[in-house]
Amino acid sequence: MNAQVMPQTNAPDMTARPAFGTVLASQMAVTSWKDGRWSPHEFRRYGPIELSPAIHAIHYGSACFEGFKAYRWVDGSVNVFRMDRHIARLQNSADCLRLPRPDTTQLAAMVTGVIDRVRGEVPESPGALYLRPTLFGTGASIGGATLPATEAMLIVLASPVWDYFAGGEKPLRIFVEEKLTRTSTLMGQVKAAGNYAAALGPTLAARDQYQSDQVLFCPGGSVQETGAANFLLIREGKILTRSLDTTFLHGITRDSLLAIAPQLGFAVEERQFAVDEMLAWVKDGEAALCGTAAVLSGVGTLVREGGQAIPVGGGDVGPHTRRLRKALVSMQLGEIPTPAGWITQA
Ligand code: PLP
Ligand code: COI
């Protein structure tokens, strides 16, 4: 990569709140898989890496990643939220793409090692340090279309981040896509790099045509998820969301919200539901997207094919969404206790 087009590192001005992911922290961790084993990892200054143009990931898409956050708490400590679950999900993605599994202990050490080296670059809340372990097939052979990658690389990048959606906590405008799928039925649950490229066409088309922030994929009229976050329907005393299957990503934010929902007075219903039921719900209920990057972002408007705009509740971020978001963020910042194992001090 050319130095002029490298994203900036080490942004000194932490009040500037650059767009999500555009600033990379100064250090990264790298390990390679060869001859059946991972090499000892090393920490390097963030910068270009040399790769053959014939690697498997470029030609046949053997690439997957994780995204999770470390938060600076008021006592100055830096703490990672649900790291074990994100490592387990990367291992599942690796299995699905026939890439070598990252080693749990090694990857945890890479993550905490990077955090330790960039401690001064971790923003205060509402910012966080976004961690991005990326696993991809190397091995220089363009003949391996029906073979797994022979070698692989695992890199942990970090990025100081603030809001994912430009406009902060303003209600989102979501296009309801009732025909197309985000990705294939089996790959939805894999955090595969190619899934994001697959969703780009419908996402950009809806942005142009309907000025939507995101697309809610509802193939065959069954509500699934958006391009980069899970989807929840929320109302007094109740949350409804799609039950886990292979068609969509098993979000760890979703899991965390559903785990704390009962103590906040919400009964959780996980099942498939149709666009019609969603439209009936939002007449007086709420809808929101949840994910590491999205946190819990309220939906203000659903737009259907042809341009019909349907307000969600009053069109603003609803009170139950705000309450759930506050509880989630309070746990991430160590302001209220979390279930055992959710926090790793780095
Ligand atoms: N769905 C998709 C497609 C995503 O990219 C993400 C973000 O990682 C999520 C859902 C939410 O997952 P998580 O809450 O684990 O970040
Ligand atoms: C995340 O929430 O971690 C995501 O993966 C969303 C996006 C930045 C790809």
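Q: Which element supplies the largest share of the lining of the second largest pocket?
A: Helix H7 does, with 3 residues. H7 spans 319–332, and a helix here is a DSSP run of H or I with at least four residues, while a strand is a run of E with at least two, both numbered from the N terminus. This is a predicted model, where local features need pLDDT of at least 70 and side-chain atom pairs 80 or more, while totals for chains, interfaces and linings use all residues. Residues are numbered from 1 along each chain as written, chains are lettered from A and ligands numbered from 1 in written order, and side-chain values use heavy atoms, without hydrogens or water.

Q: How do you know that the second largest pocket lies between domain 1 and domain 2?
A: Domain 1 (4–161) and domain 2 (172–332) both give residues to its lining, so it lies between them. The domain bounds come from an automatic or database assignment. A pocket is an open set of points on a 1 Å grid over the protein atoms alone, where a 1.4 Å probe fits, with protein on both sides within 12 Å along at least five of seven lines; lining residues have an atom within 4 Å of a point.

Q: Why is aspartate 163 called partly exposed?
A: Its relative accessibility is 35%. Buried means under 20% and exposed over 50% (1.4 Å probe, protein chains only), with partly exposed in between, so aspartate 163 counts as partly exposed. Aspartate 163 sits in the loop between strands S10 (152–161) and S11 (172–177).

Q: What makes lysine 191 a polar contact of ligand 2?
A: A side-chain N or O atom of lysine 191 is 2.5 Å from a ligand 2 oxygen, and a polar contact is a pair of N or O atoms within 3.5 Å.

Technical notes: A polar contact is a pair of N or O atoms within 3.5 Å; within protein, one must be able to donate a hydrogen and the other to accept it, and residues adjacent in sequence count only if both atoms are side-chain atoms.
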